[in-house]
Amino acid sequence: MWTDGFHDLIAAVALLLVIEGVLPFLNPAGLRRTILAVAQFDDRSLRLIGLGSMIAGCLLLYVAKG
């Protein structure tokens with residue numbers, strides 16, 4: 001039923017929030033420096049980083065679910 005998929009989605013979002021919270025919790029100054037550095041990237045570079053991240057995520061999900 002669709003509720004199983006919905007629960008998986010909620011679990012995935014919750015895990016994403018936990019993982020994204022680790023860096024600001026452990027090293028807020030480092031995160032601030034990283035954000036300032038990323039703000040200097042041009043649009044093309046950010047798009048390529050985003051594309052690479054999406055592809056890596058899809059591959060990881062394929063391996064994990066496969």
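**Legends to the close-up views**

**View 1. His-7 lies within helix α1.** The model shown is predicted. His-7 counts as exposed because its relative accessibility is 51%, and the cut-off for that class is over 50%. The helix that carries His-7, α1, spans residues 2–26 and has the lowest confidence in the protein, with a mean pLDDT of 90.

**View 2. His-7 and Leu-61 are separated by 16 Å in space, C-alpha to C-alpha.** Along the sequence, 54 residues separate His-7 from Leu-61.

**View 3. Helix α2 comprises residues 28–38.** Confidence in the protein is highest in helix α2, at a mean of 96. Over the protein as a whole, pLDDT averages 93, and 97% of the residues score at least 70.

**View 4. Three helices and zero strands make up the secondary structure of the protein.** Read from the N terminus, the order of elements is α-α-α. The C-alpha atoms occupy a box of roughly 45 × 30 × 20 Å along the principal axes. The radius of gyration is 16 Å, whereas a compact globule of 66 residues would have a value near 11 Å.

**View 5. The surface of the protein exposes about 6000 Å².** Carbon and sulfur atoms supply 73% of this area. Of the 66 residues, 2% count as buried, that is, with relative accessible area under 20%. The side chains include 5 positive and 5 negative ones, and the centres of these two sets lie 10 Å apart.

Note on methods. Residues numbered from 1 in each chain as written. Predicted model: local features only at pLDDT ≥ 70, side-chain atom pairs only at ≥ 80, totals over all residues. Heavy atoms only, no water. Helix = DSSP H or I, 4+ residues; strand = E, 2+ residues; numbered from the N terminus. Rg over C-alpha atoms; globule rule 2.2 N^0.38 Å. Buried < 20%, exposed > 50% of the residue type's maximum accessible area, 1.4 Å probe, protein only. Areas by Shrake-Rupley, 256 points an atom, 1.4 Å probe, with all protein chains shown as cover. Lys, Arg positive; Asp, Glu negative; His and termini not counted. Charge placed at Lys NZ, Arg CZ, Asp CG, Glu CD. pLDDT = per-residue confidence, 0-100.
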